[in-house]
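Here are a few exercises to work through with the model open beside you. Try each task before reading its solution.

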Amino acid sequence: MASSLLLAAARSARLRDAITALPPTRSVVDRFVAGEDLDAALRTVRDLTRHGLRVTLDHLGEDTTERAQADATRDAYLRLFDRLAADGLADGAEASVKLSALGRALPGDGASIALDNALAVAAAAHRGGMTVTLDMEDHTTVDSTLAVLGKLRAEFPSTGVAIQAMLRRTEGDLRDLVHEGSRVRLVKGAYAEPPSVAYQAKADVDRAYVRALRLLMEGDGYPMVASHDPRMLDIAKALAVRAGRAPGGHEFQMLYGIRTGEQRRLAAAGETMRVYVPYGVDWYGYFTRRLAERPANLAFFLRSLVSR
Ligand code: FDA
């Protein structure tokens with residue numbers, strides 16, 4: 001109940017303005033967001049890479065309603081790649097991109113604006129020897145995200161995509177995506193979705209995640225196992241062995257600030273471990289989804305408000 005209210009709140013501009021204005025919000029946000037500017041993000045990248053971790057950077061933003069904002073997001077990614085290269089941090093680095101931040105929902109030609117911006121971002125990543133993965137937003141956007149993925153992959157075959165196990169359509173999508181060279185980030189799914197399109201119970205989502213893992217590990221692509229769930233990680237490791245995957249043939253991914261010790265432990269054990277590093281001022285939607293995932297996060301946030 002609390003989590004569906006929070007997921008609805010994640011889309012409310014009025015709540016966003018109220019919550020982001022509260023001074024104590026900042027310290028709780030810092031747990032999940034690397035900072036509001038590029039310098040802060042790069043400090044975090046340096047720290048993570050010192051611990052043997054790889055990164056995927058998300059310049060925060062979503063549901064863009066103005067063309068100028070969509071183009072500014074594109075330019076923020078171009079600056080990010082320049083700085084990663086200039087600071088010697090490009091090796092193995094990746095960016096995560098939301099098509100809604102690049103203009104997909106703009107009236108009229110939003111789809112082609114988002115595609116052009118995504119092509120510019122992927123081209124800049126490619127020039128710097130880096131990769132891009134498309135985040136997946138709510139279920140209404142899956143077809144358009146996969147269509148953009150196809151166009152990006154035609155020019156930049158290393159472009160990856162996040163796929164949500166909770167969606168009933170996912171196994172079908174994966175059968176089209178498990179070919180050689182494809183990079184698929186498997187997540188459980190962070191959006192409030194109706195029962196007609198998505199499993200609702202955690203046990204059903206977990207079972208769907210395992211079925212999807214099996215398809216990915218037995219396929220010819222590069223699986224990116226994005227979960228903090230110890231059970232899913234163990235099953236992924238076992239399936240990789242059973243499928244005869246060579247070391248380095250898949251990777252694990254977790255979000256910045258969640259199970260940091262486990263991130264370092266996996267990297268130290270020789271696994272490829274990538275941390276999703278969000279940065280920027282537009283952190284409200286991302287932050288609210290993290291609160292929705294775990295009641296303890298919400299309790300911590302509420303305590304910080306009343307203990308002022
Ligand atoms: P689950 O929610 O079952 O959590 C397992 C355990 O992990 C919990 O018991 C707790 O210990 C820990 N944990 C999980 N979430 C936590 C939190 N917020 N705070 C503290 N502890 C937490 N989703 C999406 O819809 N589209 C996308 O593009 C992406 N992209 C993405 C990239 C990466 C790298 C990751 C790791 C995740 C995403 N997600 C996503 C989010 C994903 O869909 C999912 O909501 C979260 O990963 C939580 O699911 P878990 O698999 O961790 O399992």
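**Exercise 1.** Find which strand gives the largest share of the shell around the ligand.

*Solution.* Start with the shell: 23 residues surround the ligand, a residue being counted if its C-beta atom, placed from the backbone, lies within 6 Å of the molecule. The closest are Asp135, Ala162, Val187, Ser227 and His228. Next, list the elements that give two or more residues: strand 4 (160-164), strand 5 (183-187), strand 7 (251-255) and helix 12 (284-293). Helices (H or I, at least four residues) and strands (E, at least two) are DSSP runs, numbered from the N terminus. Strand 7 gives the largest share, three residues.

A note on the model: it is predicted, so local features need pLDDT of at least 70 and side-chain atom pairs count only at pLDDT 80 or more, while totals for chains, interfaces and linings use all residues. Residues are numbered from 1 along each chain as its sequence is written.

**Exercise 2.** Work out which residues arginine 67 contacts, leaving aside its neighbours within four places in sequence.

*Solution.* With contact meaning C-beta atoms, placed from the backbone, within 7 Å, the partners are Gly103, Leu106 and Ile113. Finally, check glycine 103: its C-alpha atom is 6.5 Å from that of arginine 67, although 36 residues separate the two along the chain.

Methods. Contact = placed C-beta atoms within 7 Å.
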